[in-house]
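Hello,

Here is the structure I promised to pass on to you. Have a look at it first, and then read my notes below.

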Amino acid sequence: MTAKPNHNTTHQQKIARALHKSVGCGYQEALRRVRLAAERGLLPASLDAVGRERAVHILTAKEPAEVLPQAQANPAAFGAHPQPSNGSLAPALPWRGTDDLVRFEPGSVTVLVCLPTAGRTTMAMNIAAHNAGRGMACLFTSGETAEEGLWRKVLTAKYGFDVRRQAPPEGWDAFRAKVTADMDSLPLFIHNPRPGDAVRDVFREGRAVANARGQRLGLWILDTIQHFSQFTDDGLDLADSMHQVRRIAQENQIAVLVTARVLTESKDETISTEHLRPELRGADSILALHRDNSSWFARREDDSATSTLTLLRPRSSQARSAQLFLEEERCRFVSLYAGQPTP
């Protein structure tokens with residue numbers, strides 16, 4: 001009697017052949033990579049044609065250049081030393097004067113909204129990196145910024161200079177060694193799924209990366225929700241996407257931060273709940289980022305403009321706010337305290 005083929009093995013072989021053609025490595029090496037990814041739970045749950053395509057996308061993701069490959073060359077290094085879970089540790093905003101602005105409770109959904117180009121992704125990444133630095137496993141999912149660009153934001157914000165344009169004072173060798181040590185212990189997972197994928201599939205794929213490295217997520221950031229919403233005759237189906245986000249937050253008892261783009265009649269008009277789609281207004285907390293001289297689509301002329309982070313929920317009439325300052329070249333927001341920007 002002829003033995004029935006093992007479907008998982010067959011799928012892995014197909015992925016390996018596609019990987020071999022894509023990156024030019026030998027077939028056996030490609031198969032080794034695929035099997036290692038399968039053991040670590042990095043492959044999609046369903047390995048049909050679409051799942052295999054996604055698996056190849058994951059395995060062929062471009063590695064960041066210069067310093068970043070050394071921090072990322074061994075993905076398993078992230079979270080290699082799992083930290084004990086701390087039930088009292090909750091996500092928090094990183095800036096002075098924002099402690100009482102919002103609380104990221106497990107099971108809650110917070111929406112961060114702003115005009116295009118106002119700094120939404122930078123702010124969200126600042127929040128993720130801050131909480132990862134406190135020992136909380138954080139997943140940052142982006143449909144618009146490549147993994148390399150996001151890691152550059154993390155490094156630039158952490159070390160205070162742009163690694164693309166400046167040399168570190170201690171020299172590249174010493175800096176690379178420091179970056180590798182720091183990043184190896186940082187429980188931050190950056191995830192670039194394919195735009196248009198369903199929110200639940202996006203989270204499942206990203207969570208598998210953290211779980212395979214011994215981490216239980218405490219914060220998930222989805223940037224932006226428009227990228228993971230299906231088109232219908234009436235436009236983007238944000239209602240279904242927000243419903244999926246809500247279920248993920250509650251079922252996994254994880255705090256979720258969702259970013260979203262909004263438009264106003266004028267770029268100088270302050271964002272209020274009236275500018276939000278009804279689906280976004282149902283979030284537990286709504287944060288609005290307003291930046292002076294921000295533009296809808298063009299680059300800002302003034303990169304030093306003051307920003308205001310405002311809590312819009314429960315009611316805009318009761319909104320509290322904090323003044324922040326975006327250090328554009330350092331990819332970070334800092335607090336304004338006594339008239340001076342302070343980290």
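Two residues are in contact when they have heavy atoms within 4.5 Å of each other. Keep in mind that this is a predicted model. Among contacts in the chain between residues at least 6 apart in sequence, 69% link residues at least 24 apart.

Now for the overall picture. The chain contains 10 helices and 12 strands. Of its 343 residues, 49% are buried. Its accessible surface is about 16800 Å², and carbon and sulfur atoms account for 48% of that.

What lies inside? In soluble globular proteins, nonpolar side chains tend to be buried together. In this model, the largest nonpolar core holds 41 residues, and Met123, Leu188 and Leu309 have the most contacts inside it. Helix 5 contributes the most to this core, with 6 residues. There is also a second, separate core of 33 residues, and Val111, Phe203, Leu222 and Val262 are among them.

Helix 5 covers residues 120-133 and packs with helix 6, residues 147-159, at an angle of about 65°. Their axes are 10 Å apart, and the crossing is right-handed. On the helix 5 side you will find Thr121, Thr122, Met125 and Asn126, which meet Leu150, Lys153, Val154 and Ala157 of helix 6. Sorted by class, this contact has 4 nonpolar, 3 polar and 1 charged residues.

Best wishes

Conventions: Residues numbered from 1 in each chain as written. Predicted model: local features only at pLDDT ≥ 70, side-chain atom pairs only at ≥ 80, totals over all residues. Heavy atoms only, no water. Axes fitted to C-alpha atoms, helices over the stretch in contact; angles between N-to-C directions. Helix = DSSP H or I, 4+ residues; strand = E, 2+ residues; numbered from the N terminus. Left-handed = near helix turned anticlockwise from the far one by under 90°. Nonpolar A, V, L, I, M, F, W, Y, C, P; charged D, E, K, R; others polar. Core = buried A, V, L, I, M, F, W, Y, C linked by side-chain atoms within 4.5 Å. Buried < 20%, exposed > 50% of the residue type's maximum accessible area, 1.4 Å probe, protein only. Areas by Shrake-Rupley, 256 points an atom, 1.4 Å probe, with all protein chains shown as cover.
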